[in-house]
Structures are given as C-alpha cells and as structure tokens.
Amino acid sequence: MYSIRKTNATLSGEITLAGSKSISNRTLIIRALCGESFPITHLANAKDTDLLQGLLSSNAIVRDAGAAGTTFRFMTAYLSTQEGIQVLTGTERMKQRPIGVLVDALRSLGANIEYLEEEGYPPLQIGPPNAFGRNNKVQISANTSSQYISALLMIAPTLPNGLVLELLGKIVSRPYIEMTLAQMAYFGVKHEWKGQFIRIEPQDYQARPFVVEADWSAASYYYAMAAFATEVDLQLNGLFEDSLQGDAVLTEIMTHLGVKTTFNTQGVHLSKTGLSLPAVFEYDFLRCPDLAQTIAVVCAGLGVTGRFTGLETLRIKETDRIAALDQELAKVGVKVIEEKLSADGKAFFRIEGKAVVPAKAPEFATYEDHRMAMAFAPLAFFGEIKIHEPEVVVKSYPDFWRDLRTVGFEIA
Ligand SMILES: O=C(O)C1=C[C@@H](OP(=O)(O)O)[C@@H](O)[C@H](O)C1
Ligand SMILES: C=C(OP(=O)(O)O)C(=O)O
C-alpha cells in the first residue's frame, strides 16, 4: 500500500509519457503477420505489451495472457491462423471476461477452438484450423467489445478470401476499430467501411518502420491533477494533436473542467483555463471508455455533478468499474447513482457530491485495475490518501509512481 501526499497545490514539471499500449499491441500483431520484421520505436513498456511480445515469440503450448484483454483477444485470432495446438489462458479475472463473440466468429471462419472451463470464457484450446477463411462473411455483435473486431480485422488480409465483417448492433469503442484500420493502412492494407460492413480483400502487409505515439489514456491522470491544482505549468511529451487514439478527445473534455491544452513540438502544455466550472458535466463515454474513471474522479474532486452515459462496457473490464467507482468514491462522500433508463434506453450514471478527503487518510482499493489506482491518485491534492496494491499500474504505465514523484507527490 502507498501513502500519497501532495504538500502544495501547484503542478509543474515535465513528463515524457510512454508509448500507447493499444497502438503497440496492434503493431506487434501486424509485425507477426507481416512475414518481414520492421523496427518499432517507442514501444509501450506496459506489462500487457510485454506479455504480447512474449507470447508471440513463445513456442509453449500453454500461453498466459495474464490480465491483458487486447493481448488475449488479439492472440485468439492470431493463433487461429497458426498450425499446432495451443492453450491460451489468463488470470482469474480474464476467465470472467467474455470471449464467446470472437470465438463464434472465428469458428464460423473454420477455426478449431474449444472452451477448457466455462463455455464462452477463457481459457481456450486453439487447434489447427480447418479450411480457415474459405468462408469470408462473418456477422459479429459490436456492442460488447471492439477488441473482437480489431482482432478479426488484423488477420483479415491474410485470409484466402479476405473478410467481410457485418457489425451488429451499437458499435462500442469505435475509435479503437478506426485505430486498427488506420494502422493496417499505414502498413499498406486497404479496407472499405460502409455502414455496418467492413470489407478487406486478401493483401500483404508491407513492412515499414513505425513510431508509437504516447498514451492519451495515461495523460488523463495528469489532466485530473491539473484540474485540482491552483496553478499549472506542466509539459507532457510524446503526444500528438493528430492522434490515432480516441482518448485524445480528453483535451476537449478537460477544457470544460478547467484545463487548457496547448500543443507544441514536444507534446502538450497544460495550464488552467481560468473559466468557471459547470454545475453539471454530461458526457457519453461510448467512444472513450478508458477515460470514464478519470473523469468521474475529476468531477468528484471539483464538485461538478457528472452525468455519464456509455458506461455499459465498464462492467467487463479489469474489474466491474462502475461498482469499483461506487465503492471507492463513497470513501470521500461522493455517490454514483444509476438513473432510470431514459426514454431512448440510455443508462445514465450520476457522480454526485464534492470529494472530501477525511483527516484519517482514506484507503482506496484497486481491484486489480490499473485505472482505479491512477484515477484516484490525483485526490492526494485534497489530503493524504492511501492506495492499495499500487503495483497494478504496471498493466499500462509501470513508471506512474516514479513520474508522480517528479511532479511533487510524496509517496511512501
Ligand atoms: O482495442 C483496444 O486497444 C482497446 C479497446 C477498448 O476495449 P473495448 O473495445 O473492450 O471497450 C479499451 O477499453 C481497451 O483499454 C483497449
Ligand atoms: C480495458 C483495458 O484493457 P484490456 O481490455 O486490454 O484489458 C484498459 O486498459 O483500460
């Protein structure tokens, strides 16, 4: 457990953020499918990326993706194209995260996949494919996780007849699908996306050097600190305005919550907007679910009522993130209230109250979720806090605590 304090109310310094884990993991899969190696600069140092790199270079029969969702989903599709029999497993939590939508789609393409424990969940046994990809039309429900779709898209150009993917229902996390297609395009693979259909012809990936941009989801924790600080002069290096990451929408979100972004040659500079805050901040996180915890804590810290939609997928991530936010925000007197469904069927969650950090440091549990630890850390601006199992941050941002110390946090 860490005890965290911020003894002054200002925020200044310079942080060089590590590479995006989402972009890195796509790049590694594409390189594995490419047949020719290419250099990757600024690859993420996230554990999820290390795991993927390890699994791709392993010949082991049992491969463990740990807690890494993209690693598990991307490897499921990748191994379906490979000879031999492999077992793909993960943590106890991974065994509760659904995979049936992807397995059904891969089976319809000819993959030979068996569930080793519970139907619809990891671990999987992936056997040699049978006429894999002879059929090239697949329907897939798009409302659970975009990672299934990205996993299929990346193998699509290597299939004998390519792939025509029909997305069924509401598309969650759409910018991650766009990220996948944009990276595939960088490596020479064309696609056509019309309405609910994405078509990819059989094509070869072209090897080219690749530079990974810094992680916008990781940047969000500094924006939260900037929202809580009285004065801000903070530089975050490695980020681009023209980003592959949907989470770059953070700059826009945070202008409403008091943080001004100025792009420069190195990345972004953060300062205060000086504008007054809204009483209520309404936002739909369907396109950027990984920002939801950060912004929930920002609203709590500022005493702005958050009114959020698009949180449905949060329940199947590293933990049930809605339940975790509810439990932990209660420790600073903030409520997470699920409203009745609106007429158009939208589920609204209200984040209500102003966080008060009690004199006896509150202890925040992290539920094996890196984003719980990182989203709650900025509350140290309001008093001493404690974070359980701080090492969870390794999943996406192993240097988080080191970097926090460099901007004036006392961590013991
Ligand atoms: O494709 C990706 O890199 C990701 C997609 C999102 O997941 P879902 O599509 O399951 O929402 C996101 O939450 C996750 O952190 C990374
Ligand atoms: C949801 C996340 O990751 P994954 O689904 O890849 O485990 C995340 O990093 O917030």
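Begin by selecting ligand 2, which has 14 residues around it, the closest being Lys21, Gly69, Arg97, Arg371 and Lys395; a residue is taken as near a molecule if one of its heavy atoms lies within 4 Å of it. The model is a predicted one, in which local features need pLDDT of at least 70 and side-chain atom pairs count only at pLDDT 80 or more, while totals for chains, interfaces and linings use all residues. Residues are numbered from 1 along each chain as its sequence is written, chains are lettered from A and ligands numbered from 1 in the order in which they are written, and side-chain values use heavy atoms, with hydrogens and water left out.

Stay with ligand 2 and show its polar contacts, meaning pairs of N or O atoms within 3.5 Å. A polar side-chain atom of Arg371 lies 2.6 Å from an oxygen atom of the ligand, an N or O atom in the side chain of Arg97 is 2.7 Å from an oxygen atom of ligand 2, and for His370 the distance to a ligand oxygen is 3.2 Å.

Next, select ligand 1, whose surrounding residues include Lys21, Ser22, Arg26, Thr70 and Tyr176. Oxygen atoms of ligand 1 are found 2.5 Å from a side-chain N or O atom of Ser146, 2.6 Å from one of Ser173 and 2.7 Å from one of Lys317.

Finally, select residues 292-302 and residues 321-329, which are helices α9 and α10, helices being DSSP runs (H or I) of at least four residues, numbered from the N terminus. Heavy atoms within 4.5 Å count as contact, and among the residues making it are Ala296 and Val297 of α9 and Leu325 of α10.

Conventions:
Axes fitted to C-alpha atoms, helices over the stretch in contact; angles between N-to-C directions. Helix = DSSP H or I, 4+ residues; strand = E, 2+ residues; numbered from the N terminus. Polar contact = N/O pair within 3.5 Å; in protein donor to acceptor, adjacent residues only side chain to side chain.
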